[in-house]
Amino acid sequence: MTKSIVLTGITTTGTPHLGNYAGAIRPAIKASKDEQVRPFYFLADYHALIKCNEPARVKQSSLEIAATWLALGLDTSNAVFYRQSDVPEILELTWMLTCVTAKGLMNRAHAYKAAVAENEEAEGTDPDKGITMGLFSYPILMAADILMFNANKVPVGKDQIQHIEMARDIAARFNHIYGEHFALPEAVLEENAATLLGLDGRKMSKSYNNTIPLFEPEKKLRKLINKIKTNSLEPGEPKDPEGCTLFGIYQAFANHHEVDAIRQRYAEGIGWGEMKQVLFEKINDEIAPARERYEALIAAPEHIEQQLQEGAEKARAISRPFIQQLRAAVGISGLAG
């Protein structure tokens with residue numbers, strides 16, 4: 001049986017938070033144990049350089065993300081878990097793909113268009129001010145990440161669908177010129193993935209500085225949950241769970257019966273302080289065992305490094321022969337034979 005290849009990248013610019021866990025990490029950990037698929041998960045550290053020029057932050061984020069996934073039970077016997085920069089064939093493929101990618105395609109990339117639009121709003125500003133070639137062409141690096149392993153499916157949010165469509169276009173163009181080498185990837189939209197609100201009621205994001213780090217110690221976790229913004233309704237007054245940050249986060253951690261019970265408590269007028277305590281206990285119960293493993297891993301980075309190197313060897317067992325095949329296809333190979 002040929003396993004379906006599923007690939008996910010994690011940009012190394014921040015500390016994993018509850019939103020990352022509920023929306024992406026938890027379902028990916030579950031998928032890593034599915035023997036019907038061959039999952040590839042990688043630390044996208046070259047992607048991090050596009051928007052972060054703080055070396056210490058990129059390195060620390062790589063450590064925290066790798067420790068998080070391992071602590072939560074990533075099955076590295078089934079999944080290939082590696083660091084992007086440990087697979088140099090990806091960058092070689094990026095250049096090959098760059099040479100068949102139309103500039104007009106990159107002109108249509110959402111991130112580039114948004115940056116240009118922001119510049120144009122400032123009168124007299126160069127439309128390309130502050131825009132690097134990394135930002136402009138990173139959809140090609142993303143395509144190389146996907147096509148190097150001929151991923152069949154790439155789980156993404158709605159804002160990333162365009163990048164998968166671009167990867168398909170680039171792969172099709174390469175195949176047209178050099179023969180059939182790449183499978184055309186499909187975007188898998190995470191319709192049921194939880195999107196959590198942060199401390200201020202906006203989407204939980206490091207960009208808004210409103211996140212709750214996944215493995216905060218208990219005391220800090222409690223303090224952060226107590227900071228979550230609520231309305232002024234008093235205990236005893238009925239409350240609407242829809243759009244409530246506390247309820248939304250609770251829903252991502254609780255089962256259906258527990259959610260129904262809390263919904264009833266809202267109708268009965270549960271106090272915000274009590275609800276925050278309920279939420280803290282629910283999150284802490286789920287996270288505490290993994291938190292201990294996470295702290296042990298952070299204290300032993302050599303174990304994490306070993307796991308990443310083993311994953312890189314698995315990845316390169318595929319990428320090394322494939323890049324040789326692609327080199328021959330484009331005419332870059334030894335002259336004898």
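Author: Happy to. A neighbouring topic first: helix H10 passes helix H12 in a left-handed crossing, meaning that the near helix is turned anticlockwise from the far one by less than a right angle.

Now for helix H13. This is a predicted model, where local features need pLDDT of at least 70, side-chain atom pairs count only at pLDDT 80 or more, and totals for chains, interfaces and linings use all residues. Residues are numbered from 1 along each chain as its sequence is written, and side-chain values use heavy atoms, with hydrogens and water left out.

H13 covers residues 301-330, which makes 30 residues. Helices here are DSSP runs of H or I with at least four residues, numbered from the N terminus. From first C-alpha to last, H13 reaches 40 Å, close to the expected 44 Å; that expected span is 1.5 Å times one less than the number of residues. At Arg316, H13 bends by about 35°, the angle between axes fitted to the seven residues ending there and the seven starting there.

Several residues of H13 are buried, among them Ile304, Leu308, Ala315, Phe322 and Leu326. Buried means under 20% relative accessible area, with a 1.4 Å probe and protein chains only. Gly311 also sits in H13, and its relative accessible area of 4% is why Gly311 counts as buried. Just after H13 comes Gly331, with a positive phi of about 95°.

Technical notes. Helix = DSSP H or I, 4+ residues; strand = E, 2+ residues; numbered from the N terminus. Buried < 20%, exposed > 50% of the residue type's maximum accessible area, 1.4 Å probe, protein only.
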